[in-house]
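Good morning, and thank you for coming.

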Amino acid sequence: MQSFDYRGKLPEPVGLRTAYAGSLNESNIGEVVKVCGWVNRIREHGEHLVFVDIRDYTGVVQCVIPRTENLHPEWVVQITGTVARRPEGTENDQLASGQIELHDPTVRILAQAEPIPFSLDDRVELDEATRLRYRYVDLRRSRMQRNLRLRSLVNAAIRRSMEEQGFVEIETPLLWTPTPEGAREFLVPSRTQPQNFYVLPQSPQIAKQLLMVAGFDRYYQIARCLRDEDLRADRQFEFTQLDLEASFVTQDDIHEFISHAIHTVVAAVSPGTTINIGKLTWREAMSRYGSDKPDRRFGAELNDVTGIFSNTSVKALSAKSVQAMVSPIALSRARLDELVERAKTLGAKGLLWLRVETTDGGLVLNSPVSKFLTDTEQHQLIDAVHANVGDTILMVADDWERAVAVLGQIRLGLGKQLASDDILDFFWVVDFPLFEGLDEFGTPISAHHPFTMPNEEDFALLDSDPLSVRSQSYDLVLNGWELGSGSIRIHESSIQSKVFQVLGIDEETARSRFGFLLDAFKYGAPPHGGFAFGIDRLSALLAGEENIRELIAFPKTQSGSDLMTGAPKQVAIEALAQLGLRPTARAKD
């Protein structure tokens, strides 16, 4: 992906400044300007002068200042000076302002600063705990300035795209009622109604469906969502998503709406970069890559070789499904042993490996099991996976779901290092299963939420073979990350009743969990569908970051703590009492 100017269009200088540090160049020579910012660097120059770099978010400008001025790094200053050309041989081509400097300065100290706890040089590796403890300092670094300003461009581009497509922005409540998405929710006690609670919404799912019943036709929101889940690189308690819903549409229409937004975002942050947004079915994604959010930036696709071993004498290959792939990298014996153990921890019985070698008779396989394979099995396997001399073939034999999933994880671990960050591989995954399996009572489990519309071609299977029913749901994937998901919703009461029946949800349970939505549908619900994608994740990938904390101003640690503020904290017993709560135990100070 091409680089971008994260500064955007510079505003007109006002107040204490007449110019931005990074905007000055040779065209300004002779002008008297005022710049404001932080003292970035101080360098002595003879007995009487020092070079001082002044930094603001646009860059730095060098000022030639008398040694009589008492300045220190990170002091906040205003410099009034004349723009002059640097002496020949002292130019800095790495800076936009590298051909000029400020002479005859008047220095005004706006704020002094204590020594900062770490270097702002992006080349210096920093401990994350220290960075988060002093986040207001960490955010001064150019990397963080770039990341958060990129995210601002993403938000602006999303809004521009939605407005161009006729969507109306509507805010939905942050104090809400429990929703059926399934993730753990944050509870908020009510002071005025003791023993009752609001929840912070996992998403505006039900609210946006109600807006379709209300006739708004096309809704969107850059929505704050909250889930009380364990944190990781791509998950925070609080996250932000583009949330949309539209009436009288098909899933292809939803794809077009989102694709328009994605194209607009990429054009905003990386002008000149072109992308194509393809499409895979869920079955195809799992069969070829072993993942419903595959990273396609490297090869090593899976191959179904079950038929080759239908009559094999090798017990380890006597399974419902045998999946094979060629390793994308060279593997030592020690590494192969690690992969065997890795496959076992993922739930497989093991992992078979076979090296491709050559003899006078052609290609052969060398492995602990190769002597038990017939010549026909060996040659057919080599042909099926398109292996060459020196390649290592990896195989997992199990039921289909486990075989592809385990080999898919092995594939990702081996090939991730080969994936180029310069590639933006967006694509849709469609035709997900409506149900993801059976619970302990043999009842199907909803793969999404219970309002997801089944594929019309599969309605008849709801009674006879529910696990084969496809849904009208879809995910958007980028470089192995699921950006977001959506679906066409059920709006007809007869279909909703049938799905509830299959899920084992009786009428009383349905009424208690989401009766107000069912009541709304009685008054004329249009066919509708929607989607939501994570802006944190999209922004991180566009910035070349692996952790969404690098695109969030004030994130939590993996344990859920805010090291800067000390949250979460205990509150006074009196404050709990006002909410009708009392602690069962107090942690010791």
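This is a predicted model: local features need pLDDT of at least 70, side-chain atom pairs count only at pLDDT 80 or more; totals for chains, interfaces and linings use all residues.

Residues are numbered from 1 along each chain as its sequence is written, and side-chain values use heavy atoms, with hydrogens and water left out.

Helices and strands here are DSSP runs, numbered from the N terminus: a helix is a run of H or I with at least four residues, and a strand is a run of E with at least two.

I begin with helix α6, which covers residues 282-289. Its residues Trp-282, Ala-285, Met-286 and Tyr-289 are buried; buried means under 20% relative accessible area, exposed means over 50%, and partly exposed lies in between, with a 1.4 Å probe and protein chains only. Seen down the axis of α6, these buried residues fall within an arc of 100 degrees, so they line one face of the helix. The arc is that of the directions from the helix axis to the C-beta atoms.

What do the buried residues of α6 pack against? They pack against β11 (278-281), α9 (400-415) and β17 (426-430), where contact means heavy atoms within 4.5 Å.

Consider the pair of helices α6 and α9. They pack at an angle of about 60 degrees, with their axes 8 Å apart. That makes α6 oblique to α9. The axes are lines fitted to C-alpha atoms, for helices over the stretch in contact, and angles run from 0 to 180 degrees between N-to-C directions. Angles under 35 degrees count as roughly parallel, over 145 as roughly antiparallel, 65 to 115 as roughly perpendicular, and the rest as oblique.

On the α6 side of this contact are Trp-282, Arg-283, Met-286, Ser-287 and Tyr-289, which meet Trp-400, Val-404, Gly-408 and Arg-411 in α9. The residues of the contact divide into five nonpolar, two polar and two charged. In this scheme Ala, Val, Leu, Ile, Met, Phe, Trp, Tyr, Cys and Pro count as nonpolar, Asp, Glu, Lys and Arg as charged, and the others, Gly among them, as polar.

I turn now to the sheets. An open sheet of eight strands has the order β6-β9-β10-β22-β21-β20-β17-β11, with mixed pairing. Its edge strands are β6 (168-169) and β11, each of which pairs on one side only. Two strands pair if DSSP finds at least two bridges between them. Two bridges join β6 to β9 (residues 218-226) in the parallel sense, and Glu-169 has Tyr-220 in β9 as its bridge partner.

Gly-278 counts as partly exposed, at 26% relative accessibility. Leaving aside residues up to four places away in sequence, Gly-278 touches Phe-426, Phe-427 and Trp-428.

A second open sheet has five strands in the order β12-β13-β16-β14-β15, and its pairing is antiparallel. The strands β12 (303-304) and β15 (362-366) stand at the edges, each with a single partner strand, so one side of each is left without a neighbour in the sheet.

How many of the residues of β16 are buried? Seven of its seven residues are buried. In a regular strand the side chains alternate between the two faces of the sheet. In β16, Thr-392, Leu-394, Val-396 and Asp-398 are buried on one side, and Ile-393, Met-395 and Ala-397 are buried on the other.

Strand β16 (residues 392-398) is joined by six bridges to β13 (residues 321-326), and the two run antiparallel. Met-325 stands opposite Leu-394 in β16, and Gln-323 has Val-396 as its bridge partner. Strand β14 (residues 352-359) pairs with β16 over four antiparallel bridges, and Trp-353 stands opposite Leu-394. Finally, β14 and β15 form a hairpin with two residues between them, and they pair in the antiparallel sense over five bridges.
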